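Hi everyone, thanks for coming. Please have a look at the sequence and the structure, and then I'll walk you through a few places in them.

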Amino acid sequence: MSVGKGRIIGLTLLILLVMLSPVMAQGYSMIEDDVEVKFNYPSEIKMGTCITISFWMKAKSNLTDLSVRLTLTYHANSYTQVIYDKIIVSETSVTEGWTTSKSINVCIPREDAPDPHLQADLETSYKVNGSSKVLEHDWYMSIVRSETYEELEEELEEARSKINSLKDEIDDLKAELDEKEEALESLQEEYSSLLGCYQQLQSKYDQLEKSYKDLTNQYRELDRRYDDLRDEHQQTLLDLERLRAKYDLLSRDYGKLDENYRNLLKDYENTLADLKTYRSMYQDLKARYGDLESRYHDALAEGASLRQRVADLESRYGDLSRTYQSLLGENILAKNVIFAQAAAVAAGVGIYILVSRRFLRRAGGKPEGANLNSNEENSKRVQKILSGRRVTIPRDIAEMLGLREGDKVEICLGNGRMIIKPAREEASSEEKIIKETESEN
């Protein structure tokens, strides 16, 4: 209740201040025949704050020994305190129309006191035409409060807004109360239904209690099995340690395999480079093969014509032989002619055989590896194809062929066989034919 009474008193004072505010001036003026003085100051002052007072003075006559003293006294209930006492104007002589202005800063005490106010005393002394004058004025200057009128007005507005919000809350609470009443009725209905459910649950509880006993027995059995599994777990841990040791060993083997893999990858790259080279060689050999094939067909045609000539020569040789037998008893001159003709026929047969062998060799003739069948059968090995389709050449065969690491080999395909042999720099087919002809001659 004391708080409510304090609020009522505060509001009453606020209303009085609003009514009195037009009467309470924010400034003080003093107009005399010789001087004019004006003060500007706030009508309200808050405790513990500082204010600024503006002072203005004008001389209406020529004055001498001008002195103005201002005293500000703070009244708080039963005690007073002078907070400012200074001479604000001190001039030896001034002329008519002289003016001056000053700003005075004053701070109010912070102590909270009932009904404090500020009083001002102004004492002005001067001489006019040799005669002295003293003017004294005191007035009630400002009201000192813990809260200003503007702050109280803000609190009033805030209180009004709170009242309006409380009214809205009351309306909301009434609506919520109605909803709660309806909810209570529905809850009562639910209670009756829940009571029936409770009875059913009670019977189920009895059943569950029985089931609980059964589960307790099962738990004991599971606890026993858990002990067995714990022993198995210890054994598993031991196995795990052994597997870890094996894993470390495999990791080291993996490092070696990884190194081998890198070497194989390098070999693979080298193989790709060789493949490109072989492809270019294949294109060159393909072109050469086409040329040899055309030459082979020409050789076949020439061989056919030579066989015909040989047949003719053989026929002539037969005729000559029969003639020779019939003329065996004739003169030596006829014999010599017959021998010359027979020699010519034999020379033709020899030339045909020589040319036939040459063309057969040029066209391919007998496969180069035909005479190696027996050796191949004797040196036959079964090798496993490794990753990347790699095949390892046995050491003894490599030594027999004189193969070393880094040497090149040729891989040929014919008659369903793959033949691997050392690569040699061979002369062209024309050079081979020339060399064979020279050796035969």
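**A short walk through the model**

Let's start with S61, which is buried because its relative accessible area is 19%, and buried means under 20%, exposed means over 50%, and partly exposed is in between, with a 1.4 Å probe and protein chains only. S61 sits in the loop between strand 4 (50–59) and strand 5. Helices (H or I, at least four residues) and strands (E, at least two) are DSSP runs, numbered from the N terminus. Leaving out residues up to four places away in sequence, S61 touches D33, D34, V94, T95 and E96, where contact means heavy atoms within 4.5 Å.

Before I go on, a word on where this comes from. This is a predicted model, in which local features need pLDDT of at least 70 and side-chain atom pairs count only at pLDDT 80 or more, while totals for chains, interfaces and linings use all residues. Residues are numbered from 1 along each chain as its sequence is written, and side-chain values use heavy atoms, with hydrogens and water left out.

Now the overall picture. The protein has 6 helices and 11 strands. Of its 441 residues, 18% are buried. The accessible surface comes to about 34000 Å², and 54% of that belongs to carbon and sulfur atoms; these areas come from the Shrake-Rupley method with a 1.4 Å probe, and for residues only the protein chains shown count as cover. Among contacts between residues at least 6 apart in sequence, 61% join residues at least 24 apart.

T100 lies in strand 7 (residues 99–107), and T100 counts as buried because its relative accessible area is 18%. Setting aside neighbours within four places in sequence, T100 is in contact with F55, W56, M57 and V89. A398 is in helix 5 (residues 395–401) and is buried, with a relative accessible area of 14%. Not counting residues up to four places away in sequence, A398 touches I393 and L403. A398 and P422 are 24 residues apart in sequence, and their C-alpha atoms are 9.6 Å apart in space.

Next, some backbone angles. Most residues other than glycine have a negative phi. You'll find D65 in strand 5 (residues 63–76), where D65 is partly exposed at 40% relative accessible area. N129 has a positive phi too, of about 55°. N129 is in the loop between strand 8 (116–128) and strand 9 (131–145), and at 77% relative accessibility N129 counts as exposed.

Last, let's look at the surface. Patches are made of residues with over 30% relative accessible area and no salt bridge, with like charges joined within 9 Å and nonpolar side chains (Val, Leu, Ile, Met, Phe, Trp, Tyr) within 5 Å. A salt bridge is a side-chain nitrogen of Lys or Arg within 4 Å of a carboxyl oxygen of Asp or Glu. Y261, L265, Y268, L272 and L275 make up a nonpolar patch, with about 470 Å² of accessible area together. One of them, L265, is in helix 2 and is partly exposed at 35% relative accessibility. E179 also lies in helix 2 (residues 149–326), and E179 counts as exposed because its relative accessibility is 53%.
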